[in-house]
Each structure stands twice: as structure tokens, then as C-alpha cells.
Amino acid sequence: MDRPGRLKIERPQSLSEIAADHIREAIILGDFRLGDPLTENALSKLLGISKTPVREAIAALKREGILQGDSQKGARVFTQTPEQLHQMCVYRFTLETAAVRMAMKVDPAGLILRLETICQDMTKARDTHDFAGYLKLDRHFHDAFFEFAGNQFLREGYGGVSPKVATLRTYLSLAPKRVDTSYGEHIQITQMLKASRIEDALNILHEQIDRGSHAIDEITKTRLASPAQ
């Protein structure tokens, strides 16, 4: 007889997890802005569900750091000081550098194929002015480093800052020519890795991340659409 563990039934996603996914995505896409207060009552009405799963979702997102605050019934979307932004970018580059090096040892062909596919989709999103689609592809591009590195702990470490990185990317991408610059860098990184020029690819990656680490004013002054009440 097969081991009992093989009979394990996959648990469906709970309502609180679904709520957390929706709130997180709204923060990442700027529907909820940096520093905005989010109350249990308002989110319950907005999502059309009871307060209990919303309360659990808020608690989970606080643990992720994408929500902040001490109140059990509400929170605020995270904000960052210039120093916190700089430290996060240093941490991010450290992790992404390690992931790129590992992925290029473990499965370089798989990584390059994935990056090329993402870049092709980025081209379509950019040409059709699909801003939200482009931002998701930007996330997928950097996530691919960790997917192909084959190191669970690196991936978990990056997961701790990934939602914040994606959120700040939304604000930065609204600046003039930011998407064009980002797009060109992703193409270059892919080309450098395909040519086994790993250090050149990492230099481009460093320029991209370092540029964001000094953009606190640009982030805080960006105006996004007001969230639904």
C-alpha cells in the first residue's frame, strides 16, 4: 500500500487567503496607496465578505510587512524611509545576485528560455500599453532567478520583500521613460546571460536596483488613483 502521505488531499485556499491575495494585489497595483488606512469594516464591504476572514487577512499581510499598524481591526499600507528603501534594495540585490549565479549553474537553458519568453510577452504588453500586464511580467522576470536557482531558502528570503518590491515598482514605473528603461535592461540582462556574460548581466541588474534605492522622493510624490471607499 502507498504511504499514507500520498493520500493527502490538497486543501483549497481559505477565504482569508483569497482576501489577502486580493488586498495584496490591490496594494501592488496602487489601488491602495502607500500609507493609506485600511479598516476591517471598509475591506469587508469592498470584498463582499464577513469581517473574520478580513481580520485574518490583515494579520497575515502585517506579518508579510506589506501592512503596518498595531490595531487588530485595521492597518496602513506600508511606507519606507530613505534608509529602509536603501537597505531593502541592498538585500534584494544580494539575493538576486546569488539566485542568478545558482540558476546559471543549475539550469541555465531553462532560465534563459523563461526570460526570453517573458521578454517577448513584455514587448507585447509594452506595445499595447498594457501597464498592469507589464508590471506582472516584470515580477515574473525577477522571480525566475529564484525558480531556477533551486534553493528554497533563497526563494523564501526573496518572498519576504517581493510584495514591497512589486509595489514600489508600480510607483517608479509611472515616471516618464521608466518602463522603456526597465524594458531595455531586461532585454540586455537576458542577452548577457545567454552569452554566459554573467558579470555583465549582474552589472545591469545592479544599476536597475540601485536606481530605485535612491528614488524615495519619486515614490512618495507619485500620484495614483484614489482607492474605492
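**Salt bridges, ring pairs and helices in a predicted model**

At 6% relative accessibility, glutamate 185 counts as buried, where buried means under 20% relative accessible area, exposed over 50%, and partly exposed in between (1.4 Å probe, protein chains only). The structure is a predicted model, in which local features need pLDDT of at least 70 and side-chain atom pairs count only at pLDDT 80 or more, while totals for chains, interfaces and linings use all residues. Residues are numbered from 1 along each chain as its sequence is written, and side-chain values use heavy atoms, with hydrogens and water left out.

Glutamate 185 forms a salt bridge with arginine 211, and the closest N and O atoms are 2.9 Å apart. A salt bridge here is a side-chain nitrogen of Lys or Arg within 4 Å of a carboxyl oxygen of Asp or Glu. Glutamate 185 lies in helix H9 (residues 178-194) and arginine 211 in helix H10 (residues 198-213), so the pair ties together parts that are 26 residues apart in sequence. Helices are DSSP runs (H or I, at least four residues), numbered from the N terminus. Arginine 211 is partly exposed, with a relative accessible area of 29%. Elsewhere, salt bridges that share partners join Asp21, Arg24 and Glu64 into one network.

By this rule the count comes to 13 salt bridges. One of them joins the side chains of arginine 114 and glutamate 147, at 2.6 Å from N to O. Arginine 114 lies in helix H5 (residues 108-127) and glutamate 147 in helix H6, so this pair ties together parts 33 residues apart in sequence. Arginine 114 is partly exposed, with a relative accessible area of 32%. Glutamate 147 also counts as partly exposed, at 34% relative accessibility.

A further salt bridge joins arginine 169 and aspartate 138, whose closest N and O atoms are 3.3 Å apart. This pair links distant parts of the chain: arginine 169 is in helix H8, aspartate 138 is in helix H6, and they are 31 residues apart. Arginine 169 is buried, with a relative accessible area of 11%. Aspartate 138 is buried, with a relative accessible area of 3%.

Lysine 164 also sits in helix H8 (residues 162-173). Lysine 164 is buried yet has no salt bridge. The nearest side chain of opposite charge, glutamate 64, is 9.7 Å away; Lys and Arg count as positive and Asp and Glu as negative, with His and the chain ends not counted. Leaving aside neighbours within four places in sequence, lysine 164 is in contact (heavy atoms within 4.5 Å) with Gly65, Ile66, Phe78, Gln80 and Met88.

The structure holds two aromatic pairs. The rings of phenylalanine 141 and phenylalanine 145 have their centres 5.6 Å apart and their planes at 75 degrees, so the pair is edge-to-face. Rings of Phe, Tyr and Trp (its six-membered ring) pair if their centres lie within 6.5 Å; planes under 30 degrees apart count as stacked, over 60 as edge-to-face and the rest as tilted. Phenylalanine 141 and phenylalanine 145 are four residues apart in helix H6 (residues 131-149), and about one helical turn separates them. Both phenylalanine 141 and phenylalanine 145 are buried.

In the other pair, the rings of phenylalanine 146 and tyrosine 158 have their centres 4.2 Å apart and their planes at 15 degrees, so the pair is stacked. It links distant parts of the chain, with phenylalanine 146 in helix H6 and tyrosine 158 in helix H7 (residues 152-159), twelve residues apart. Phenylalanine 146 counts as buried at 2% relative accessibility. Tyrosine 158 counts as buried at 5%.

The largest nonpolar core has 61 residues. Such a core is a set of buried Ala, Val, Leu, Ile, Met, Phe, Trp, Tyr and Cys residues joined through side-chain atoms within 4.5 Å. Residues with the most contacts inside this core include Ile23, Leu67, Phe141 and Phe145. Beyond neighbours within four places in sequence, leucine 67 is in contact with residues including Ile27, Leu38, Ile58 and Phe78.

Helix H1 (residues 15-28) has 14 residues and reaches 20 Å from its first C-alpha to its last, close to the 20 Å expected at 1.5 Å a residue. The expected span is 1.5 Å times one less than the number of residues in the helix. Buried residues of H1 include Ala19, Ile23, Arg24 and Ile27. Just after H1, glycine 30 takes a positive phi of about 85 degrees.

Technical notes. Helices (H or I, at least four residues) and strands (E, at least two) are DSSP runs, numbered from the N terminus.
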